[in-house]
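Please look at the structure before reading on.

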Amino acid sequence: MVNSINSPFRYAGGKFYARKLILAHIPQHVHYIEPFAGGASIFFAKAKVGFNHLNDIDEELMNVYFMIRDNPEGLISFLRKRSEDESRIPERLTLDTNCGDPLPAKKELHKFFKNIFEPINDLERAGRWFYLNRTSYSGIMNFQNMYWGYGDRFSMQPKNWAQNIRRTSKKLQNVILTSDDFETIIDNSPDDSLLFIDPPYYNADQDKFYNYPFTREDHLRLQGCLRRNSNRLLLFLTYDNETDIREMYSWMEEIHDREWNYCIQRTDDQKFKTDRKGERYKGKELFILNYHSDYIELNNQVQLRLLA
Ligand SMILES: C[S@@+](CC[C@H](N)C(=O)[O-])C[C@H]1O[C@@H](n2cnc3c(N)ncnc32)[C@H](O)[C@@H]1O
């Protein structure tokens, strides 16, 4: 069974809109690993296999995955209105909400979680992160660039968060979750694993989005690490379309230019004071593979049809 669901998070650089194109290039496998998981759109879109591993250096992000996997009801309860004493959220911020109802998506509550609330345990850290992720512009979780960005018509509404968390928790059962540097994960991947590798872009201003810088040395380190493991792993790498990257990976089997269309619904976010709706964008990336993908597109038709 494919059991395709959407990522629980909004995630900068997420591959949600490219998922069908990406799945069309993925061969059969029994071990699946994402060393740069982020919102893990591809893991959630594809069928689970015998061994699944998600890793990201961002511990705050991985803590939320842990909580969704192991304590979904605790997280759901954190995201519901409780008494002021119990939740430490001032009553004025949740007025008009009954006890037990989901916390409302409100600018003031976003501000409170961003600037004032101090989590005292992992569950509270995860709850705060989840609330901010679902209500921030483009899901950007770098606090310097985090702005309110929720709209009832195009964001997942709080009344649906619990169902989303439960569904995600099911898919995360038995999935290995870690928060390490990519090199440790890749060097220790079991032979014949398929790795979906989606590092921060080479040329875009990634430090705005993520909490860990990824320098030119890191890009070179990644190349070296993939090269030394290439004879024992199946590698699918995505990157921005840059000459440097093409040169760096000229030793791989296939490099494809791929494009896809997508639409972003924007809200009246604080920073940009705009109400532009449904802007059209084009995703353009390189798909770089160390295997031949010619025969795969046919094999994957059934899976893609189920996703449609
Ligand atoms: C482009 S995003 C991945 C997006 C993901 N594929 C999705 O669909 O949402 C890149 C991720 O790499 C992570 N990252 C940055 N440096 C890393 C490192 N040294 N090791 C592992 N992960 C790292 C970032 O925290 C970020 O979540």
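In this predicted model, His110, Phe113 and Lys114 of helix α6 meet Arg128, Tyr131, Leu132 and Thr135 of helix α7, where a contact requires C-beta atoms, placed from the backbone, within 7 Å. By class, this contact has three nonpolar, two polar and two charged residues; Ala, Val, Leu, Ile, Met, Phe, Trp, Tyr, Cys and Pro count as nonpolar, Asp, Glu, Lys and Arg as charged, and the others, Gly among them, as polar.

Helix α7 also takes part in a contact with α3, in which Glu60, Asn63, Val64 and Met67 of α3 meet residues of α7 including Trp129 and Phe130. The residues of that contact divide into six nonpolar, one polar and three charged.

| Pair | Angle | Axes |
|---|---|---|
| α3 (residues 59–70) and α7 (residues 122–135) | roughly 105 degrees | within 9 Å |
| α6 (residues 107–115) and α7 | about 135 degrees | 10 Å apart |

The angle makes α3 roughly perpendicular to α7, and α6 is oblique to α7, given that under 35 degrees counts as roughly parallel, over 145 as roughly antiparallel, 65 to 115 as roughly perpendicular and the rest as oblique.

Residues are numbered from 1 along each chain as its sequence is written. The chain has a mean pLDDT of 90, with 89% of its residues reaching 70 or more.

Conventions
This is a predicted model: local features need pLDDT of at least 70, side-chain atom pairs count only at pLDDT 80 or more; totals for chains, interfaces and linings use all residues. Axes are lines fitted to C-alpha atoms, for helices over the stretch in contact, and angles run from 0 to 180 degrees between N-to-C directions. Helices (H or I, at least four residues) and strands (E, at least two) are DSSP runs, numbered from the N terminus. Two residues are in contact if their C-beta atoms, placed from the backbone, lie within 7 Å. pLDDT is the predictor's confidence in each residue, from 0 to 100.
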